[in-house]
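User: I'm new to this structure, so please walk me through it piece by piece.

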Amino acid sequence: MADSSDEEYDLGDRGDDRPGLEDADPDLVDEESDADDDADDDDDVEDALEDDLDFIMALYREDGTPVATALDIDLANDLDDLIAFLQRLPGDNGASALVSISGEFFAAVRVRGRHVHVVLSDVYSAENWSLARDIIDFLGIEIPDEDDEDGLVGDLDLFADQGLSEMDLEAICADWDEDSDTLALHVADEIHYGPQARLVADAFS
């Protein structure tokens, strides 16, 4: 909220005749309270550090040849920057990224021109991690109540043209006994980047 609004509310005990908090518009007070709550929510999420990151990689094809390359850790904490980076890659049919953090969740992002598709393997990871929070904001959804959802959200058919159907992606992510890096590499296998993606993942170990 603007500084002028803060001055309007906070001077009730300073002996002047400007309105104090009790005279303020209750709708404005509610808006300020909501903003504080949003700030508190943002304080709860963390950027992934080097030790948290399982891997982050870009996947694309050049002249039909699959390419996987490691990306900078900073891109694992900002969806907008990750999308902008993928848009610059020379993929025959766009470029994708796979990110796995702390064995807890993975994200898949695919960019084809102006079209951006994202998947988050566990919506509840948005309570703790910056990238996951960015993704649910991008999707325009909220974190559901516990047990309301299985966790997987996003554009589940983003790799359908590469051999991974929505149903198959759901089946991969339904294996809660596996860590997220293993699940993400299963995705890479299904879209025919398996060997290249595993070499990149091994380099992060």
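**A serine, a helix and a core**

User: The backbone oxygen of Phe105 lies 3.1 Å from a polar atom of which residue's side chain?

Analyst: This is a predicted model, where local features need pLDDT of at least 70 and side-chain atom pairs pLDDT 80 or more, while totals for chains, interfaces and linings use all residues. Residues are numbered from 1 along each chain as its sequence is written, and side-chain values use heavy atoms, leaving out hydrogens and water. That polar atom sits on the side chain of Ser180.

User: Which side chain makes a polar contact of 2.7 Å with that of Ser180?

Analyst: Ser180 touches several residues, including Asp54, Gly103 and Phe106 (heavy atoms within 4.5 Å). The 2.7 Å side-chain partner of Ser180 is Ser100.

User: How wide an arc do the buried residues of α3 cover?

Analyst: Those residues are Leu79, Leu82, Ile83 and Leu86. They're on the same side of α3, because around the axis they cover only 100°.

User: How many residues are in the largest nonpolar core?

Analyst: Such a core joins buried Ala, Val, Leu, Ile, Met, Phe, Trp, Tyr and Cys residues through side-chain atoms within 4.5 Å. Ile56, Leu82, Leu86, Val99 and Val109 have the most contacts inside the largest one. Its residue count is 34.

Key. Buried < 20%, exposed > 50% of the residue type's maximum accessible area, 1.4 Å probe, protein only. Polar contact = N/O pair within 3.5 Å; in protein donor to acceptor, adjacent residues only side chain to side chain. Helix = DSSP H or I, 4+ residues; strand = E, 2+ residues; numbered from the N terminus. Arc of directions from axis to C-beta. Lists of a residue's contacts leave out its neighbours within four places in sequence.
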